[in-house]
Amino acid sequence: MSNTNFTSFLLNLKDPNLDFSEKIYETEIINGIETKIIGATLKNKPDICPCCSHSKINIHGYKTSSIKIPPISEFNAILELKSSVINADIARKLL
């Protein structure tokens with residue numbers, strides 16, 4: 001079983017667009033509490049812009065969101081999800 005499948009199974013995440021290949025796991029002290037951090041990338045490219053429904057979209061880098069998930073082995077856990085940022089201004093100019 002690959003790391004992506006194994007981590008998805010343990011966290012009970014069903015999204016097939018999640019990829020756990022980068023910085024899969026590390027431990028940090030946050031506010032004096034040992035916290036497990038799991039890194040993932042959301043690998044979806046939408047067909048249309050969610051803002052204006054234009055079919056020509058521009059991926060403008062990535063942003064990272066820290067999502068608190070249920071504790072793992074009694075340690076706090078955070079999922080750092082890296083997702084694409086869509087530049088809607090460029091799509092609006094094409095209209």
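Student: How many helices and strands are there in the protein?
Tutor: This is a predicted model, in which local features need pLDDT of at least 70, side-chain atom pairs count only at pLDDT 80 or more, and totals for chains, interfaces and linings use all residues. Residues are numbered from 1 along each chain as its sequence is written, and side-chain values use heavy atoms, leaving out hydrogens and water. Helices (H or I, at least four residues) and strands (E, at least two) are DSSP runs, numbered from the N terminus. Read along the sequence, they follow the pattern α-β-β-β-β-β-α, and the count is 2 helices and 5 strands.

Student: Which residues make up the largest nonpolar core?
Tutor: A nonpolar core is a set of buried Ala, Val, Leu, Ile, Met, Phe, Trp, Tyr and Cys residues joined through side-chain atoms within 4.5 Å, where buried means under 20% relative accessible area with a 1.4 Å probe, counting protein chains only. The largest such core has 10 residues in all, and they are L11, L18, F20, I38, A40, L42, I69, A77, L79 and L81.

Student: Over the ring of which residue does the charged end of K36 sit?
Tutor: A charge sits over a ring if NZ of Lys or CZ of Arg is within 6 Å of the ring centre and within 35 degrees of the ring normal. K82 lies over the face of Y62, at 5.3 Å from the ring centre. For K36, the charged end is 4.3 Å from the centre of its ring, which belongs to F75.

Terms used
Buried means under 20% relative accessible area, exposed over 50%, partly exposed in between (1.4 Å probe, protein chains only).
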